[in-house]
Amino acid sequence: ELPRWAMAAFEAALTVDRLWMRWFLDMVAPYQQLDEAGQKSFENRADEVLPKWDYTVYRYEDGDFIGRCAWATAYPELTTRLVRQLRGMADICDDEPNRNYFLRLAEAYDCRDVSRLEEYWAAVDRAWVGIPPDCNVFCVHGMESEYEHPHGVSPEMRIVVRATDEELEREITRYREGTVRYAKLMLMPDHLMQAIRDKMSRTDMGAFVSLREAGCCMNFRYTGQVVPNRQGILQEGGKIFLSETAFAVNRDRMHGLVDLHCDPRTGHLVKTQVTALSGREHTLFHESGHPLGVSAEIIDGLGSAKDLLEEAKASMAGVCVCDLMDSSDDKRWEVLCALFARVIRFMLKTNLEDKTFAAYARENLVIATIMLRHDLIDLTPEGLRLNDDPDRIADFFGEVAAFVMSVVLAYEALDVTALGQLTEAYCAYDEEGNPKLAEIIAWVNR
């Protein structure tokens, strides 16, 4: 039975949809229309001027952020309505953690003082973290920047229900322990080891079904998520989301792409490995890989450069944790098939050239580049062929581990130059920089 506030939340979600559309047109569209040099110039200037998580609206002209104001000032009719709806949800909420969260969220949306936005939204994150693991229905607010906009946090609202699953709970426990073991093997310094222990022990990990997805979810849907992004608050507790809603949809999408772009034998072999469960495991190990080698100081020190390879590092670290727990040939083949299907998906130009998905495109360029270096992918007249030679697959896993180590060392040294060089080495996809990958991209977009 849903709590009484849930029906009112559906109305609030519609307001968030409208708020997000206005914000997207004012903030995201102008940024995404800049050419590559323009975006880089904007990001460098934004790193100097804007907070990491920004809740404002402005015009960007010649390096200046003109007329910068809070959402409540830019969109008063929408935020006023949303604040009223959130306070109404609090009035009929029977549990104190959710009630406190709705009130803090209303205060943040109502804030017009730009200098206090960080204070109010950090309080929202803390209130959200205070919702206990035994609360099975709750809302999720926008906590992500960088996907649609390098600093702007995307307005969002989800109404989610926890899906209980004993098998998943056992798998989660294995990945909690495996991630810490892998960090130890990497000989991470004590402060980063303590950070990963704290995050793995204090983070609520589970699978959730979304009853309603509003705001940025119209443009970008998460299959998994580690939130909140504020590292100091994440150290206190947070959640790793696995979206049960997405896994079956993604499986069917991957099967269609494999049928379309692979030779018949590869298509058959890969589809037997790409299941909803393998998708859930990939998301679990990807999200478990995010905390590795990361601290609040590293995030602040690297600025937007941290986003270059973070998604790739998370997936590749997760692959290494998975391999630590089971390095059999069968398991490696299963993981390779899942990665290969994702590569096909993100080499489609609708994803590869969509700036919202840029971080995930780079993740899959890294995977494709390593696969090609070890002759695991061939383009034949019948389509893409995936090589199942165990020795070549073992070499692939070896380079994946080396890549993760390189990124983590660059993080620890706050070495922006090294991250740029790794990005150039692993993410080229033009005919001059990576001709084999350029051929594959042309094939899947034929």
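These legends go with a set of close-up views of a predicted model.

**View 1. Trp128 meets Phe138 edge-to-face.** Two numbers describe a pair of aromatic rings: the distance of the centres and the angle of the planes. For tryptophan 128 and phenylalanine 138 the centres are 6.3 Å apart and the planes sit at 70°, so this pair is edge-to-face. The tryptophan belongs to helix α6 (residues 117-129), while the phenylalanine comes from strand β3 (residues 137-141), so the pair ties together parts ten residues apart in sequence. Both tryptophan 128 and phenylalanine 138 are buried. In total, the structure holds 20 aromatic pairs.

**View 2. Five rings make one aromatic cluster.** The members here are Tyr31, Phe42, Tyr58, Tyr60 and Phe65.

**View 3. Two arginines sit over aromatic rings.** Arginine 332 puts its charged end over the ring of phenylalanine 397, at 4.9 Å from the ring's centre. In the other case, arginine 373 lies over the face of tyrosine 426, with 4.5 Å to the ring centre.

**View 4. Cysteines, but zero disulfides.** A disulfide is a covalent bond joining the sulfur atoms of two cysteines. The cut-off used here is 2.5 Å between the sulfurs, and by that rule the count comes to zero. Take cysteine 216: the closest cysteine sulfur is in cysteine 217, 4.7 Å away, which is too far for a bond. Cysteine 216 is buried, at 1% relative accessibility. Cysteine 337 is in no disulfide either, as the nearest cysteine sulfur, in cysteine 262, is 9.6 Å away. Cysteine 337 also counts as buried, with a relative accessibility of 0%.

**View 5. Helix α4 has a buried face.** This helix covers residues 76-91. Buried in α4 are Leu78, Thr79, Leu82, Val83, Gln85, Leu86, Met89 and Ala90. Looking down the axis, the buried residues fall within an arc of 165°, so they line one face of the helix. What do the buried residues of α4 pack against? Their partners are α1 (5-32), α3 (71-74), α5 (96-110), β3 and β4 (156-163). Over on the other side of α4, Arg84 and Asp91 are exposed.

**View 6. Asp62 and Leu414 have positive phi.** Most residues other than glycine have a negative phi, so these two are worth a look. Aspartate 62 has phi near 50° and lies in the loop between β1 (56-61) and β2 (64-70). Its relative accessible area is 82%, so aspartate 62 is exposed. Leucine 414, not a glycine either, has a positive phi of about 50°. Leucine 414 lies in the loop between α18 (390-412) and α19 (416-427). Is leucine 414 buried or partly exposed? Partly exposed, with a relative accessible area of 41%.

**View 7. Ala248 and Arg280, a pair separated along the chain.** Alanine 248 is found in helix α10 (residues 244-261) and is partly exposed, with 31% relative accessible area. How far apart are the C-alpha atoms of alanine 248 and arginine 280? They are separated by 9.4 Å, with the two residues 32 residues apart along the chain.

Definitions and conventions: Residues numbered from 1 in each chain as written. Predicted model: local features only at pLDDT ≥ 70, side-chain atom pairs only at ≥ 80, totals over all residues. Heavy atoms only, no water. Phe/Tyr/Trp six-rings, centres within 6.5 Å; stacked < 30°, edge-to-face > 60°. Helix = DSSP H or I, 4+ residues; strand = E, 2+ residues; numbered from the N terminus. Buried < 20%, exposed > 50% of the residue type's maximum accessible area, 1.4 Å probe, protein only. Lys NZ or Arg CZ within 6 Å of the ring centre and 35° of its normal. Expected span 1.5 Å × (residues − 1). Arc of directions from axis to C-beta. Contact = heavy atoms within 4.5 Å.
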